[in-house]
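Q: Could you walk me through this structure? I would like the cut-offs along with the values.

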Amino acid sequence: MEYDNIVIHPTYFPSIAHFVAMLKADNVFLEVEDNFVKQTFRNRTYIYGANGKQTLNIPVIYSQKNRQQYKDVKIFNEEKWQSNHWKSLLSAYRTSPFFEYYEDELQPLFTKKANFILDHNLKCFEVISECLQVDVNISKTSTFEKNPEDKADFRFLVNAKQEQSHDFEPYTQVFSNKHGFINNLSILDVLFNEGPNTLNYLESQTIKPQ
């Protein structure tokens with residue numbers, strides 16, 4: 001199914017579901033006018049480590065008491081999260097077929113300091129788009145619409161607590177002989193395992209709005 005317009009959250013190294021939805025749309029509107037909510041893919045992503053599904057979480061400076069807009073939330077850089085995430089990726093994927101192929105493009109995201117979570121997520125998306133050699137027609141929302149009339153709404157994909165059941169086709173993962181196929185991980189998982197075939201894989205999958 002193809003869409004004229006969709007609205008979706010920019011997330012930290014988006015899930016496969018996120019990318020499938022974006023590639024099905026002529027125009028992608030990134031939701032930047034919403035309030036920040038904890039325990040979502042706004043500041044986390046899932047990879048496949050030696051012990052199975054592993055969470056990479058970016059620490060943020062955020063108080064539940066005062067509502068903050070997503071675009072105003074700062075990263076808590078006192079924690080060495082960037083080097084920890086990079087070590088986790090090395091541990092999980094250095095034996096994957098294509099890790100070395102993309103390593104130089106991705107590493108600056110784990111060394112250059114980032115101040116705001118939204119800005120960092122947008123940068124991650126930009127770098128991944130370059131790795132995929134895909135040009136997604138992106139705009140940012142200018143107001144928050146609870147029920148957008150002219151856009152298919154994929155913002156539900158941001159919710160990490162609700163495991164969405166997406167049955168994507170299996171591909172070979174580094175530790176699949178240990179734990180089997182783990183569905184809908186970060187785009188990094190399919191990129192490191194499928195390399196230049198990633199775009200073909202994503203385009204062959206389907207997803208529907210809620």
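The chat below goes from the chain as a whole to its spaces and then to single residues.

Q: Before we start, what kind of model is this, and how are residues numbered?
A: It is a predicted model, in which local features need pLDDT of at least 70 and side-chain atom pairs count only at pLDDT 80 or more, while totals for chains, interfaces and linings use all residues. Residues are numbered from 1 along each chain as its sequence is written, and side-chain values use heavy atoms, with hydrogens and water left out.

Q: How much of the chain is buried?
A: Of the 210 residues, 54% are buried, where buried means under 20% relative accessible area, exposed means over 50%, and partly exposed lies in between, with a 1.4 Å probe and protein chains only.

Q: Which contacts should I know about at chain level?
A: Among contacts between residues at least 6 apart in sequence, 70% join residues at least 24 apart, a contact being heavy atoms within 4.5 Å.

Q: Switching to helices, how many residues of α1 are buried?
A: In α1, 8 of its 8 residues are buried, and the elements covering them include β1, β2 (25-30), α4 (117-132), α6 and α7 (198-203).

Q: What about cavities, how many are there?
A: There are 3 cavities of 30 Å³ or more, and about 60 Å³ of space lies in the largest cavity. On a 1 Å grid over the protein atoms alone, a cavity is a set of points where a 1.4 Å probe fits but cannot get out, a pocket is an open set with protein on both sides within 12 Å along at least five of seven lines, and lining residues have an atom within 4 Å of a point. Grid points are joined across faces, edges and corners, and a volume is the space filled by probe spheres set on the points.

Q: Which residues line the largest cavity?
A: Among them are Ile 8, His 9, His 18, Met 22, Asn 121 and Phe 125. The elements that give two or more residues to this lining are α1 and α4, and α4 gives the most, with 3 residues. By class, the lining of the largest cavity has 7 nonpolar, 4 polar and no charged residues, with Ala, Val, Leu, Ile, Met, Phe, Trp, Tyr, Cys and Pro counted as nonpolar, Asp, Glu, Lys and Arg as charged, and the others, Gly among them, as polar.

Q: And what lies in the lining of the largest pocket, by class?
A: The lining of the largest pocket has 4 nonpolar, 5 polar and 7 charged residues. This pocket holds about 250 Å³ of space, and of its 16 lining residues, His 9, Arg 42, Arg 155, Phe 156 and Val 158 lie nearest its centre.

Q: Now the backbone: where is phi positive in a residue other than glycine?
A: Phi of Phe 13 is near 40 degrees, and phi of Asn 184 is near 55 degrees. Most residues other than glycine have a negative phi.

Q: Is Phe 13 buried or exposed, and where is it found?
A: Phe 13 is found in the loop between β1 (3-8) and α1 (16-23), and it counts as buried because its relative accessible area is 1%. Leaving out residues up to four places away in sequence, Phe 13 touches residues including Thr 45, Leu 106, Cys 124 and Ile 187.

Q: Last one, what does the side chain of Gln 82 lie 2.7 Å from?
A: A polar atom of the Gln 82 side chain lies 2.7 Å from the backbone oxygen of Lys 112. Gln 82 is found in helix α2 (residues 81-93), and it is buried, with a relative accessible area of 10%.

Note on methods:
Helices (H or I, at least four residues) and strands (E, at least two) are DSSP runs, numbered from the N terminus. A polar contact is a pair of N or O atoms within 3.5 Å; within protein, one must be able to donate a hydrogen and the other to accept it, and residues adjacent in sequence count only if both atoms are side-chain atoms.
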